[in-house]
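These are my notes from going through one model, entry by entry. I set down what I looked up and what I found.

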Amino acid sequence: MTDDLLNRLERFYDAVPRDRASVERHGGLELFLRQSTPYPFYARPVLGGPAPTATDIAAVRARQRELGVPEAFEWVDETTPGLLPLAEAAGLSVLRAPLLVLDPARLAAATGSARIVDADAPDAAADLAAISAVAHVGFGSPGTAAGDAGPAERDAALTVPDAEQLARQLADIRSGVRANAVAELPGQGPAASGLYQRAGDVAEIVGVATLPSARRRGLGGAVTALLARHALDQGVRTVFLSAASEDVARVYERQGFVRVATACIADPPA
């Protein structure tokens, strides 16, 4: 069962970037290069390809430097076990992120504090702008500890969405390959947010963030649970995510997610 699950996740990882990235192959690695998105991509092992080598890593990094894109690599350790020691030997810093899959029988009940963004609602653009600002502030102070940054910092981070990017986001929501969720606090507005991206019957929850001033109130968990339930309601069979730390993983475990593997994210040390 685990091997089948990991194979499903590998096919998902391979499929998701392909509609908005060009792909270059370097031995056992594929480098995804953004085309119609502002966010940079990464290199991953070739689906069903040979094991990546140290030479492949060096070739990809040289190409990334040539193009001025991040020297980023992502993979699942249990699926490509030989890549971790090679990446570290190459001087890359590797984050080992707990990889968790939803057990639908354990999914936490909805709390009502979060909602799914409706692409056809009049305030959809404002919702997506607020979600981006919440993520900017939340990821600027990683972890689960409460802090001072809150609505004022979120509002300062608000930007007018690029028309092309906004159109793409709304189209993705309407087509079902993406869903965004936001949680609000009375009198404070959006305080937590997240989204899922879908390929076939697999969805990955990403970008869950909470304003530091609003942490320890269950908002991140509420957003996660709502996204998971929405995905299941839309016919998704497998919902998964990666946690940035053990503390974050415990938040997801309380929502019904179970650890199955380790996601590796590598880049040069700061």
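Which residue forms a salt bridge with D155? I looked it up and found R154, with the closest N and O atoms 3.0 Å apart. I count a salt bridge when a side-chain nitrogen of Lys or Arg is within 4 Å of a carboxyl oxygen of Asp or Glu.

**Ground rules**

The model is predicted, so I note that local features need pLDDT of at least 70 and side-chain atom pairs count only at pLDDT 80 or more, while totals for chains, interfaces and linings use all residues. Residues are numbered from 1 along each chain as its sequence is written, and side-chain values use heavy atoms, with hydrogens and water left out. I take helices (H or I, at least four residues) and strands (E, at least two) as DSSP runs, numbered from the N terminus.

**Salt bridges**

I got 22 salt bridges by this rule. D155 is partly exposed at 41% relative accessibility, and R154 is buried at 6%. I also noted a network in which salt bridges with shared partners join D19, R20, R168 and D172.

Next I checked E71, which forms a salt bridge with R61 at 2.7 Å between the closest N and O atoms. The two are 10 residues apart and link distant parts of the chain: E71 is in the loop between α2 (54-67) and β4 (73-76), and R61 is in helix α2. E71 counts as buried because its relative accessibility is 15%. R61 is buried too, with a relative accessible area of 15%.

I also looked at R115 and D127, whose side chains meet in a salt bridge at 3.0 Å, N to O. R115 lies in strand β6 and D127 in helix α4, so the pair ties together parts 12 residues apart in sequence. R115 is partly exposed, with a relative accessible area of 30%, whereas D127 is buried at 8%.

**Helix α4**

The 17 residues should span 24 Å, and the end C-alpha atoms are 24 Å apart, which agrees. Its buried residues include A124, L128, I131, V134 and V137. I found the buried residues of α4 packed against β6 (114-116), α5 (151-157), α6 (163-175), β7 (178-185), β8 (189-199) and β9 (202-210).

I then turned to L158, in the loop between α5 and α6. L158 counts as partly exposed because its relative accessibility is 38%. Leaving aside neighbours within four places in sequence, L158 is in contact (heavy atoms within 4.5 Å) with A129, A130 and A133. From L158 to F139 I noted 19 residues in sequence and 15 Å in space, C-alpha to C-alpha.

**Strands around β9**

I found β9 mostly covered, with seven of its nine residues buried. Strands pair here if DSSP finds at least two bridges between them. β8 and β9 pair in the antiparallel sense over seven bridges, and L195 stands opposite V206 in β9. Their hairpin has two residues between the strands, and G200 takes a positive phi near 65 degrees there.

β9 and β10 pair in the parallel sense over three bridges, with T238 in β10 as the bridge partner of V202.

I checked R216 in the loop between β9 and α7. R216 is not a glycine, yet has a positive phi of about 70 degrees. R216 counts as exposed because its relative accessibility is 67%.

**Nonpolar cores**

Which residues touch the most other members of the largest nonpolar core? I found I205, V239 and F257, in a core of 35 residues. A nonpolar core is a set of buried Ala, Val, Leu, Ile, Met, Phe, Trp, Tyr and Cys residues joined through side-chain atoms within 4.5 Å.

I listed the contacts of V239, leaving aside neighbours within four places in sequence; among them are L100, L102, I205, L232 and F257. A second, separate core has 15 residues, including I57, F73, L84 and V94.

Terms used: The expected span of a helix is 1.5 Å times one less than its number of residues. Buried means under 20% relative accessible area, exposed over 50%, partly exposed in between (1.4 Å probe, protein chains only).
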